[in-house]
Amino acid sequence: MSEIRAILDSSILQGLGWGLATFGLNISLRIFRFPDLTVDGSFTLGAAVFSTLLVAGLNPAIALVISVFAGGVAGILTGFLNTVAKIGKLLSGILVMTALYSINFRILGNSPNQKILDLPTLISPIEKWDTVFSLPLIGVHIGLISFYTILWIIIAIFFSIVYKSELGLTFRYAGFDRHRADKMGFKSKYRIIIGIGVANAIVALSGIFIAQEIGFADINMGSGLIITALASLLIGEQVIKFLRKFRNIFLLSPISIILISIIGTFIYYLIIGVLLRLSAYNLIPLFNLQPTDLKLFSALIVIIVILLMSKRQIFMPREELL
Amino acid sequence: MIKHLFIKIELPFILLLSMFLLNLSSCKKGTEKKVGIMTFVSHEVLNSIEQGIIERLLELGYKKEQIVVYNANGEMDKVHAFVKEMVNANFDILIPITTPVSQAMVKVAGGKIPVVYSFVSDPTSLGVDLSSGKTPLNVTGISDIINYKENLKLIKRLFPNAKKVGMIYNASESQSLMGVEECRTLAPSIGLKLVETTVASTSEVLPAARLLVSKVDVFYVGGDNTVVSGITAIIKVARETKKPVFASDIGSVKQGAVAAISVNYKDFGRKTAEIVDQILKGKSPNDIPPQKYIGDYLVINSAALNFWGIKIDEETQKQVKETY
């Protein structure tokens with residue numbers, strides 16, 4: 001039974017931790033309709049600033065605030081390049097992400113890697129007493145999971161309040177239709193800039209917690225994150241759509257946006273975990289799977305899940321298939 | 001309707017079935033120990049280490065079913081996920097290959113499972129105290145050291161005209177950065193001068209080599225994964241301009257570099273497996289000091305020697321372990 005436990009425990013933690021990055025991407029992609037490639041860089045930026053400040057001896061809580069802010073600045077820069085400098089959405093993301101590589105390298109002290117292994121972090125007191133809570137089928141790290149759950153509840157409360165407020169509504173409208181929002185008298189420019197900033201701040205938050213979990217920040221931490229986050233996001237959306245058959249769930253409610261991020265990331269890593277075992281133990285002798293075949297199969301499984309769960313509409317109802 | 005039923009029943013069923021399959025296969029049989037190897041990405045050096053470990057473990061009497069290999073395929077999020085799964089999955093010993101995997105493994109395992117790191121050039125990044133040889137709880141391992149001094153001396157010996165040595169490296173690889181710093185301090189004592197340039201990816205190696213070629217007498221490639229992957233670009237430029245290329249790994253010499261004093265990575269993997277064996281036989285990881293494996297494996301490429309008209313003296317010839 002240990003294998004099921006290992007996969008579930010790992011996937012739940014990944015869903016809660018890396019799910020933050022998916023949530024950030026969800027905000028920029030779905031609310032602001034901005035396919036934001038900055039995330040690869042801002043994720044690393046959060047981790048890099050946090051670990052450097054921690055090594056410099058700063059209090060972890062203050063370090064967290066500063067590094068989340070740094071992630072926000074990266075997003076603001078992307079938003080600025082797009083709305084003010086009129087550079088395309090994809091290109092402005094790529095530009096900031098590329099620039100961040102060099103900046104992250106400098107922040108990490110001109111080295112690719114910085115360890116925070118022995119330093120006190122925000123989650124180190126939890127990790128100290130954290131034990132695996134065993135049930136017949138599952139065993140989970142109860143401490144870390146409760147910590148993340150509380151974090152998510154706080155985020156959900158804040159997000160719901162802002163999302164439903166009048167101010168939040170103008171932000172959403174600016175993301176929905178820039179031109180009409182401008183005509184109605186909201187400055188859509190600033191709203192998009194701040195929105196992308198907040199999205200990247202959340203991605204940076206994800207990077208900060210992952211760095212604490214694995215005990216170091218690495219220059220290549222965020223590379224390929226956009227692909228994982230996008231796949232998780234799509235899976236999550238399909239799951240929520242699938243659940244809509246049984247209950248009336250509003251896809252764009254704040255709670256479903258959060259659930260999409262967590263559940264999507266969870267299922268993505270669940271699938272990867274199962275596939276990993278299939279290839280590692282060579283359970284499908286016919287194919288003679290190698291560890292390097294994993295990427296092909298993870299792509300195939302994502303396609304299959306999305307096709308199976310979409311109810312006959314393979315195409316997304318919203319025009320953008322991103 | 002049928003399709004709906006299919007979705008409702010089939011999907012959870014498939015997931016459950018595959019999990020069930022996993023359990024059948026991975027149940028521990030009796031007292032057999034389970035060894036988990038995790039590597040960062042597939043490339044020649046990492047693959048030979050992995051092969052070396054498995055080869056030696058099989059020779060030592062372990063069975064193939066006891067050894068499981070994971071590969072993160074170069075993605076950090078997978079490193080994190082897989083490390084967590086390995087720590088939870090009842091392995092008796094874990095062997096992370098490369099620095100980022102080892103860092104994550106040491107942190108997540110937290111002393112609960114023995115960890116034998118391999119291919120970590122700078123073990124201080126894992127919390128190993130090199131001066132006292134003290135390692136974190138339940139951690140030990142082996143580092144590969146490229147012998148930069150001997151390599152630079154080899155260049156001077158085989159190619160006495162060399163004064164300016166061109167090095168291309170990727171600054172985001174910490175072991176490479178350390179190597180370049182070492183070369184920079186060593187070079188003057190050997191009568192050489194270092195001319196450096198950095199790249200961020202394999203595709204930048206060719207332009208970097210073109211940029212550097214007019215300022216140097218000879219190219220030297222250190223232990224840099226990015227540049228080693230793009231070594232053919234340097235060799236191409238070097239052939240055009242008749243300036244020789246020296247390297248520090250076997251693969252580059254196979255590709256056409258003149259010579260290298262390399263670490264024999266297969267043997268390095270075998271050494272790793274021997275540490276693993278000691279621990280599985282009951283020794284505590286903390287009783288085994290972290291080990292160093294210094295490269296001493298001289299390889300030459302005879303076609304390249306001819307092309308650049310370099311003659312090998314007898315003494316050097318005696319040390320040659322392999323010729324391509």
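**A strand in the interior of chain B**

Modeller: Happy to! In strand 2 of chain B, B:Ile67, B:Val69 and B:Asn71 point to one side while B:Val68 and B:Tyr70 point to the other, and all of them are buried. Please keep in mind that this is a predicted model. In a regular strand, side chains alternate between the two faces of the sheet. Strand 2 of chain B covers residues 67–71, and because five of the five are buried, the strand is largely enclosed by the rest of the structure.

Now for its partner. Strand 1 of chain B (residues 35–39) runs parallel to strand 2 of chain B, and five bridges join the two. One place to look is B:Thr39, whose bridge partner in strand 2 of chain B is B:Asn71. To get from strand 1 to strand 2 of chain B, the chain passes through helix 2 of chain B (residues 44–59), and this β-α-β crossover is right-handed. In general, strands of a sheet pair through backbone hydrogen bonds, either parallel or antiparallel.

Strand 1 of chain B is mostly covered too, with five of its five residues buried. From this strand, B:Val35, B:Ile37 and B:Thr39 point one way, B:Gly36 and B:Met38 point the other way, and all are buried. Strand 1 of chain B also pairs with strand 3 of chain B (residues 93–96), in the parallel sense and over four bridges. If you click on B:Ile37, you will find B:Ile95 of strand 3 of chain B opposite.

Chain B has another sheet to look at. This one is an open sheet of four strands in the order 7-6-8-9, with parallel pairing. Its edge strands are strand 7 (193–198) and strand 9 (245–246) of chain B, each of which pairs on one side only. Within the sheet, strand 6 (residues 164–169) and strand 8 (residues 218–220) of chain B run parallel and are joined by three bridges. Here B:Val165 stands opposite B:Val218 in strand 8 of chain B.

Next, the largest pocket, which holds about 1,000 Å³ of space. Its lining has 38 residues, and those closest to its centre are A:Asn220, B:Phe40, B:Asn170, B:Ser172 and B:Glu173. The elements that give two or more residues to this lining are helix 3 (39–55) and helix 5 (89–107) of chain A, along with helix 4 (99–109), helix 6 (174–190) and helix 8 (225–229) of chain B. Helix 5 of chain A gives the most, with five residues. Sorted by class, the lining has 23 polar, twelve nonpolar and three charged residues.

B:Pro136 sits in the loop between strand 4 (115–118) and strand 5 (139–145) of chain B. With a relative accessible area of 21%, B:Pro136 is partly exposed. Leaving aside residues up to four places away in sequence, B:Pro136 touches B:Val106, B:Leu126, B:Gly127, B:Val128 and B:Asn286.

While you have chain A in view, two backbone angles there deserve a look. Most residues other than glycine have a negative phi. A:Arg33, which is not a glycine, has a positive phi near 50 degrees. This residue is found in the loop between helix 2 (19–31) and helix 3 of chain A. A:Arg33 counts as buried because its relative accessible area is 16%, and the cut-off for buried is under 20%. A:Lys86 is not a glycine either, and its phi is positive at about 60 degrees. Its place is in the loop between helix 4 (60–83) and helix 5 of chain A. A:Lys86 has 65% relative accessibility, so it counts as exposed.

Finally, let's zoom out to chain B as a whole. Chain B has 13 helices and 13 strands, and its C-alpha atoms fill a box of roughly 75 × 55 × 30 Å along the principal axes. Of its 324 residues, 58% count as buried. Among contacts in chain B between residues at least 6 apart in sequence, 70% join residues at least 24 apart.

Definitions and conventions
Residues numbered from 1 in each chain as written. Chains lettered and ligands numbered in written order. Predicted model: local features only at pLDDT ≥ 70, side-chain atom pairs only at ≥ 80, totals over all residues. Heavy atoms only, no water. Buried < 20%, exposed > 50% of the residue type's maximum accessible area, 1.4 Å probe, protein only. Pairing = 2+ DSSP bridges. Right-handed = clockwise from strand over helix to strand, strands pointing away. 1 Å grid on protein atoms, 1.4 Å probe; cavity = no way out; pocket = protein on both sides within 12 Å on 5 of 7 lines; lining within 4 Å. Points joined across faces, edges and corners; volume = space filled by probe spheres on them. Nonpolar A, V, L, I, M, F, W, Y, C, P; charged D, E, K, R; others polar. Contact = heavy atoms within 4.5 Å.
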